[in-house]
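Me: I would like to learn how to read a model like this one. Can we go through it feature by feature?

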Amino acid sequence: MFALDPRLAADTIAIGDLALSRVLLMNDARYLWLILAPRRDNLSELFDLDGADRAVLMEEIVAVSRALIASPGVDKINVGALGNIVRQLHIHVVARRFNDAAWPGPVWGAGAPRRYETQAAQAIVQEFRETLIHAARR
């Protein structure tokens, strides 16, 4: 049974589930940053997924990337799977702006996170539920 790592749960806001992955919003208002966590047990590396699930994950990364790049002011999409702190396999998809707090460096370790205000988080979650989750069900 799938269980989200407690550290991921503490740092994110759930958006919903795609065919394979749970989509999460990183709770850091400095960046528009989504995370895909494949809903499979005992995964820490991409190669832990079978070939079919890897293909699905790649399509989900593309869908999330396209949804993010369509957001106003987004200049670049960064995709990464680190796992140095949270071992559970999860993919970071970060919308970058040339003037964001960490540009041109990585977002990891670049200052303290700034949590979303409730209404702002709800609006983002609703937007991505509509563009990703509901669209995938059609």
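Me: Which side chain does Asp17 meet in a salt bridge, and at what N to O distance?

Reply: The general idea comes first. Side chains of opposite charge can pair when their charged atoms come close. The cut-off here is a side-chain nitrogen of Lys or Arg within 4 Å of a carboxyl oxygen of Asp or Glu. In this structure, Asp17 pairs with Arg22 at 2.7 Å, N to O.

Me: What should I know about the model and its numbering?

Reply: The model is predicted, so local features need pLDDT of at least 70, side-chain atom pairs count only at pLDDT 80 or more, and totals for chains, interfaces and linings use all residues. Residues are numbered from 1 along each chain as its sequence is written, and side-chain values use heavy atoms, with hydrogens and water left out.

Me: Which residue forms a salt bridge with Asp17 at 3.8 Å?

Reply: Arg39, with 3.8 Å between the closest N and O atoms. This pair links distant parts of the chain, 22 residues apart: Asp17 sits in strand S1 (residues 12-17), and Arg39 in the loop between strand S3 (32-38) and helix H2 (51-69). Helices (H or I, at least four residues) and strands (E, at least two) are DSSP runs, numbered from the N terminus.

Me: How is Asp17 classed by accessibility?

Reply: Learn the classes first. Buried means under 20% relative accessible area, exposed over 50%, and partly exposed in between, using a 1.4 Å probe and protein chains only. Asp17 has 29%, so it is partly exposed. Arg22 is partly exposed at 23%. Arg39 is partly exposed too, at 22%.

Me: Which residue does Arg40 meet in a salt bridge?

Reply: Asp53, at 2.9 Å, N to O. Arg40 lies in the loop between S3 and H2 and Asp53 in helix H2, so the pair ties together parts 13 residues apart in sequence. Arg40 is partly exposed, with 32% relative accessible area. Asp53 has 12%, so it counts as buried.

Me: What does the side chain of Asp100 reach?

Reply: Look for polar contacts. Each is a pair of N or O atoms within 3.5 Å; within protein, one must be able to donate a hydrogen and the other to accept it, and residues adjacent in sequence count only if both atoms are side-chain atoms. The Asp100 side chain reaches the backbone nitrogen of Trp103 at 2.7 Å. A polar contact of 2.7 Å also joins the side chains of Asp100 and Arg96. Asp100 lies in the loop between strand S5 (91-96) and helix H3 (118-137). Its relative accessible area is 12%, so Asp100 is buried.

Me: Is Ala3 buried or exposed?

Reply: Ala3 is exposed, at 55% relative accessible area. Its place is in the segment before helix H1 (6-11). Contact means heavy atoms within 4.5 Å. Leaving aside neighbours within four places in sequence, Ala3 is in contact with Asp41 and Gln88. Ala3 and Arg40 are 37 residues apart in sequence, yet 8.5 Å apart in space, C-alpha to C-alpha.
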